[in-house]
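Hello,

Here is the structure I promised to pass on, with my notes below it. Please have a look at the model before you read on.

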Amino acid sequence: MEERKFDEIPQVEGQIFEQILSKDDGKALNWCINSIYSIVDYFQLSQYEEVRELAVFPIQSLSSLYFMNTIWDMYVRKVNRIIDILKEMRGNKNEMIVNKMYKLIKEAYFQPDLSLQRIADQLGMKYTYLSTLFKQVSGENFSSYLTELRLHKAKQMILENKMKMYEIAEAVGYVSAKYFAEQFKKNIGMTPSEYRAIYNQEE
């Protein structure tokens, strides 16, 4: 689900049922209930009343003769409904969350301890969920975007010709000037000093 490989889920469900649950009614029911609760919690879906109700399995109304098959059919329908909701959420809500992430990153990119975990804590969401969501919406992972932003700011400072390289490194969130230079060359194709020299030559 996290990777949005929804077409593969029925096969995985079938394997779980056949290999683990098919011989134990109680284990099957507990697994189904816990699974739904885990999915709802992981994807932060508890605000949806419909989703909260999906974790309820009315066992008193189930026939003992077909208990296992009924439980499993019920579980599959519940999971399919969650998948539909996740597909619907791909639009505005997800983009809104990622836009909040962009804002927080731009406000704190110069802080060396900025991390996805810190942003997740600020938003009250799970690290793993935000990591996947950010990549799905932006097309790149958090660390790549943060590096890109820091280096973009560094290039602007380099061209102003007012700061030393170690000062620029610190100003954009790098504790180590050496690591900053390595990242700059890796992503820009030249060292910060070479970048400044080319600009000065053109000037």
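Leu-146 is buried, at 6% relative accessible area (buried means under 20%, exposed over 50% and partly exposed in between, with a 1.4 Å probe and protein chains only). This leucine sits in helix α8, residues 142-160; helices (H or I, at least four residues) and strands (E, at least two) are DSSP runs numbered from the N terminus. Not counting residues up to four places away in sequence, Leu-146 touches Ile-105, Tyr-109 and Leu-114, where contact means heavy atoms within 4.5 Å.

Two notes on how to read the values. This is a predicted model, with residues numbered from 1 along each chain as its sequence is written; local features need pLDDT of at least 70, and side-chain atom pairs count only at pLDDT 80 or more. Totals for chains, interfaces and linings use all residues, while side-chain values use heavy atoms, with hydrogens and water left out.

As for the fold, the chain has eleven helices and zero strands. Of its 203 residues, 36% count as buried. Among contacts with a separation of 6 or more, 64% join residues 24 or more positions apart.

Now to the core. The largest nonpolar core contains 58 residues, and Ile-36, Ile-105, Leu-130 and Phe-180 have the most contacts inside it. α4 gives the most to this core, with ten residues. Such a core is a set of buried Ala, Val, Leu, Ile, Met, Phe, Trp, Tyr and Cys residues joined through side-chain atoms within 4.5 Å. In soluble globular proteins, nonpolar side chains tend to be buried together. Leaving aside neighbours within four places in sequence, Ile-105 is in contact with Leu-114, Ile-119, Phe-134, Phe-142, Tyr-145, Leu-146 and Leu-149.

Phe-43 lies in the loop between α2 and α3 (49-54) and is buried, with a relative accessible area of 7%. Its C-alpha atom is 8.5 Å from that of Leu-86, 43 residues away along the chain.

How many salt bridges does the structure hold? There are two, counting a side-chain nitrogen of Lys or Arg within 4 Å of a carboxyl oxygen of Asp or Glu. Glu-107 pairs with Lys-103, their closest N and O atoms being 2.6 Å apart. These two are four residues apart in helix α5 (residues 92-108), so about one helical turn separates them. Glu-107 is partly exposed at 43% relative accessibility, and Lys-103 is exposed at 51%. Arg-118 forms a salt bridge with Asp-113, with 2.8 Å between the closest N and O atoms. Here Arg-118 is partly exposed at 24%, while Asp-113 is exposed at 53%.

Last, the largest pocket. Its space comes to about 170 Å³. The lining includes Met-1, Trp-31 and Tyr-75. By class, the lining has eight nonpolar, one polar and one charged residues. α1 (9-21), α2 (25-42) and α4 (67-88) each supply at least two lining residues, and α1 gives the most, with four.

Best wishes

Conventions:
1 Å grid on protein atoms, 1.4 Å probe; cavity = no way out; pocket = protein on both sides within 12 Å on 5 of 7 lines; lining within 4 Å. Points joined across faces, edges and corners; volume = space filled by probe spheres on them. Nonpolar A, V, L, I, M, F, W, Y, C, P; charged D, E, K, R; others polar.
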